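Here are my notes on this model. Please read them with the structure open.

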Amino acid sequence: MKRFKFNRREILLSIIALIIYPSTAFPNKSNLNNRMKPKYMGSKDAPIKIKEYFSLTCGHCASFHIKTLPKFKKKYIDSGQVQLELIDYPLDRLAVIASALVRTIPTDEGYLGAVKTLLRKQKIWAYSKEPLEELASIAKSFGISSSQFKKITQNFPLMQEIINKMEMESKKFKITSTPTFIVNDKHKISGALTFREFESELLKFLKIKNS
């Protein structure tokens, strides 16, 4: 399975305009920290912790979430063996705005549901001639009004925090493609693998009873 590879420096330069903003804009640091809280799927007591780095405009990420994740969730996450942390890793300006949108939704369930919806409908909005209009239309199903959506597209501090997190994680784990998965902060799995391929890679690192 092919992976989407990218030059991190080029991506950051392409979205640099998003992080130049007045220092007085959106000063509520507490609210910003709340938006950036880690987003998990599964039990905090799960012995296996997996971090997924994904972009909402990445076709391979959409493929993984649509075809592989449901099976993996049923077998490993719902059974309490794995906790999956979703980490926004936007690859372009549109993905940054989309990440800010899902991060604005107040509940973890709302965030996870919005991510699922945007990846399933990725071709509708990400490849549209008017992507922001399509994204705003979908956002209404999340309870986000047009005026609220406009404010989200101007919430540059939140976008900068998302980019800062991406930069920090990239340096820490040497992320070079999406989707990328880090298992227990040690092992790396890359690509939109099928369920069997992903499970096989995971079992190379961990002694899990494959029942």
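How many helices and strands does the secondary structure of the protein chain come to?

1. The count is 10 helices and seven strands. Keep in mind that this is a predicted model.

2. Some totals for the protein chain. It has 211 residues, and 46% of them count as buried. Its accessible surface comes to about 11,100 Å². Carbon and sulfur atoms hold 53% of that surface.

3. Residues 24 or more positions apart account for 75% of them.

4. Look next at one helix pair. Helix H3 spans residues 59–77, and helix H5 spans residues 108–120. They pack at an angle of about 115°, and their axes are 9 Å apart. Angles of 65 to 115 degrees count as roughly perpendicular, and H3 and H5 are therefore roughly perpendicular to each other. Their crossing is left-handed.

5. Which residues meet between H3 and H5? From H3 come Cys61, Ala62, His65 and Ile66. From H5 come Val115, Leu119 and Arg120. By class, this contact has five nonpolar residues, one polar and one charged.

6. Stay with helix H5 for Ala114, which has its place there. Is Ala114 buried or exposed? Its relative accessible area is 1%. Buried means under 20%, so Ala114 is buried.

7. Now the surroundings of Ala114. Leaving out residues up to four places away in sequence, Ala114 touches Val102, Ile105 and Phe142. Ser99 lies 15 residues from Ala114 along the chain, and the C-alpha atoms of the two are separated by 9.9 Å.

Terms used:
Residues numbered from 1 in each chain as written. Predicted model: local features only at pLDDT ≥ 70, side-chain atom pairs only at ≥ 80, totals over all residues. Heavy atoms only, no water. Axes fitted to C-alpha atoms, helices over the stretch in contact; angles between N-to-C directions. Helix = DSSP H or I, 4+ residues; strand = E, 2+ residues; numbered from the N terminus. Parallel < 35°, antiparallel > 145°, perpendicular 65-115°, else oblique. Left-handed = near helix turned anticlockwise from the far one by under 90°. Contact = heavy atoms within 4.5 Å. Nonpolar A, V, L, I, M, F, W, Y, C, P; charged D, E, K, R; others polar. Buried < 20%, exposed > 50% of the residue type's maximum accessible area, 1.4 Å probe, protein only. Areas by Shrake-Rupley, 256 points an atom, 1.4 Å probe, with all protein chains shown as cover.
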